[in-house]
Amino acid sequence: MAFHCPDCKNLKTLQIINRIELPPDARSDEISLQIVKCNSCKFEAVAIYEESHRGALDSDVFDHYGYALDQKEIKELKTLIRQCPEPKNLRCSCDTHTTLKRNDSFGRWVKPGFSKEQRTFRMVL
């Protein structure tokens, strides 16, 4: 599955190259932390996929967006994800999952390196 690159604007060149599934939080039932990279311009960023199955039947809601981090932070996240023996297992108790599954005082997952002032972009197929 390829997405549009927000940097070079090329269609279908942004690929998910690493991912790890995380436990649900106070808002989302599914959380996936992803590293994405453009095959064309080599832009690299973090993407988050969150899905909620709460509410009325057929009311599933999802959000898939990305944000840029500096290369050092992205490299650290890639290393963490590679160290996990079961990145598709949201119940994995490895050091990586323990490090990444921090929640704030409202029970919401704390996104690595994310700040409210940060530019985000939609993950568009």
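Tyrosine 49 is partly exposed, its relative accessible area being 21%, where buried means under 20%, exposed over 50% and partly exposed in between (1.4 Å probe, protein chains only). This is a predicted model, in which local features need pLDDT of at least 70 and side-chain atom pairs count only at pLDDT 80 or more, while totals for chains, interfaces and linings use all residues. Residues are numbered from 1 along each chain as its sequence is written, and side-chain values use heavy atoms, leaving out hydrogens and water.

Rings of Phe, Tyr and Trp (its six-membered ring) pair if their centres lie within 6.5 Å, planes under 30 degrees apart counting as stacked, over 60 as edge-to-face and the rest as tilted. The count by this rule is 3 aromatic pairs. One of them is stacked and joins tyrosine 49 to phenylalanine 62, at 5.9 Å centre to centre and 25 degrees between the planes. Tyrosine 49 belongs to strand β4 and phenylalanine 62 to strand β5, 13 residues apart; phenylalanine 62 counts as exposed, at 55% relative accessibility.

## Tyrosine 67 and phenylalanine 114

The ring centres of tyrosine 67 and phenylalanine 114 are 4.9 Å apart with planes at 70 degrees, so this pair is edge-to-face. Because tyrosine 67 lies in strand β5 and phenylalanine 114 in the loop between α2 (95–100) and β6, the pair ties together parts 47 residues apart in sequence. Tyrosine 67 is buried, at 0% relative accessible area, whereas phenylalanine 114 is partly exposed, at 31%.

## The sheet

Helices (H or I, at least four residues) and strands (E, at least two) are DSSP runs, numbered from the N terminus, and two strands pair if DSSP finds at least two bridges between them. An open sheet is formed by 6 strands in the order β1-β2-β3-β4-β5-β6, with antiparallel pairing. β1 (2–3) and β6 (120–122) stand at the edges with a single partner strand each, so one side of each has no neighbour in the sheet. Strands β4 (residues 44–52) and β5 (residues 61–67) run antiparallel and are joined by 7 bridges; valine 46 stands opposite tyrosine 67 in β5.
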